[in-house]
Amino acid sequence: MLVIGIAGGTGSGKTTVVRRIIESLPKDEVAVIPQDCYYKDNAHIPLEERLTMNYDEPASIEWTLLCEHLRALKEGKTVEMPTYDFITCSRLKETVTLKPRDVVVVEGILVLTDKPLRDMLDVKVFVDADADERLIRVISRDCIERGRTPQMVIDRYQETLKPMHELYIEPSKRYADLIIPQGGNNNVAIKLLTDYIRSLLSSCSDK
């Protein structure tokens, strides 16, 4: 099993890179673990308070559970991945069944900030993009998918996203084996990554 970590700022194009990896490999060969599914379960906290919490710092993620699930997949076991509701900021009762695959992609803004998780990654990727491009994508996504107004997104960007990016996400770039500038628009870098993944899989199958 090949485990790939893909990090980068909010709106940097990580989802595009993950999709291109999936498209470049045979069907059902890739399992994706979104970091966002492992936000801590704060259902016991009043909604008004949950809406103001900081979800862009490492402490907001249940890393031990994520690592436990990744370890189980590497051992050939099936896991039940949690799901998360961004509108209520709480974990859902439903889970997603994940089966072991030849390639497992762990994707999220903070993936490279957690050392135990980093140590489990075979390839570490950081998707980079200009701050203004990321903000535009975040506004578009959050207004459509998460029921927020543009002003709410801008306020959150200034108060939380930008400072957390500078404090945690940007410094984690130094742990990356590959940095993809221009986010999901960098076709050359993405092709180099997918070709490298295929070569690693081929060398593993030859052993």
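Buried here means under 20% relative accessible area, exposed means over 50%, and partly exposed is anything in between, worked out with a 1.4 Å probe on protein chains only. The model is a predicted one, so local features need pLDDT of at least 70 and side-chain atom pairs count only at pLDDT 80 or more, while totals for chains, interfaces and linings use all residues. Residues are numbered from 1 along each chain as its sequence is written, and side-chain values use heavy atoms, with hydrogens and water left out.

Helices (H or I, at least four residues) and strands (E, at least two) are DSSP runs, numbered from the N terminus. In α1, Lys14, Val17, Val18 and Ile21 are buried. These four cover an arc of only 100° around the axis (taken from the directions from the helix axis to the C-beta atoms), which puts them on the same side of α1. On the other side of α1 sit Thr15 and Glu23, and both are exposed.

Two strands count as paired if DSSP finds at least two bridges between them.

Five bridges join β1 to β5 (residues 103-107), and the two run parallel; within β5, Glu107 is the bridge partner of Ile6. Another parallel neighbour is β6 (residues 123-127), again joined to β1 by five bridges. Here Ile4 stands opposite Val123.

Next comes the packing of nonpolar residues. A nonpolar core is a set of buried Ala, Val, Leu, Ile, Met, Phe, Trp, Tyr and Cys residues joined through side-chain atoms within 4.5 Å. The largest such core has 33 residues, and the ones with the most contacts inside it are Ile33, Tyr38, Leu70, Val106 and Leu117. Two or more residues each come from β1, β2, α3 (63-74), β3 (79-85) and β5. The largest share, seven residues, comes from α3. Apart from this core lies another of 19 residues, among them Ile6, Val18, Leu25 and Val125. As for Val106, its contacts (heavy atoms within 4.5 Å), leaving aside neighbours within four places in sequence, include Val3, Ile33, Leu66, Leu70 and Leu117.

Not counting residues up to four places away in sequence, Asn42 touches Arg50, Met53 and Tyr55.

Finally, the charged pairs. A salt bridge is a side-chain nitrogen of Lys or Arg within 4 Å of a carboxyl oxygen of Asp or Glu, and a search of the whole structure finds 11 of them. One of these joins Lys173 to Asp128, the closest N and O atoms being 2.9 Å apart. Lys173 lies in the loop between α6 and β7 and Asp128 in the loop between β6 and α5 (131-145), so the pair ties together parts that are 45 residues apart in sequence. Lys173 is buried, at 18% relative accessible area, and together with Asp128 and Glu170 is linked in a network of salt bridges. Asp28 and Lys27 also form a salt bridge, at 3.7 Å between the closest N and O atoms, and both residues are exposed. In helix α6 (residues 150-169), the side chains of Glu166 and Lys162 meet at 2.8 Å, N to O. Being four residues apart, Glu166 and Lys162 are separated by about one helical turn. Lys162 is partly exposed, with a relative accessible area of 39%.
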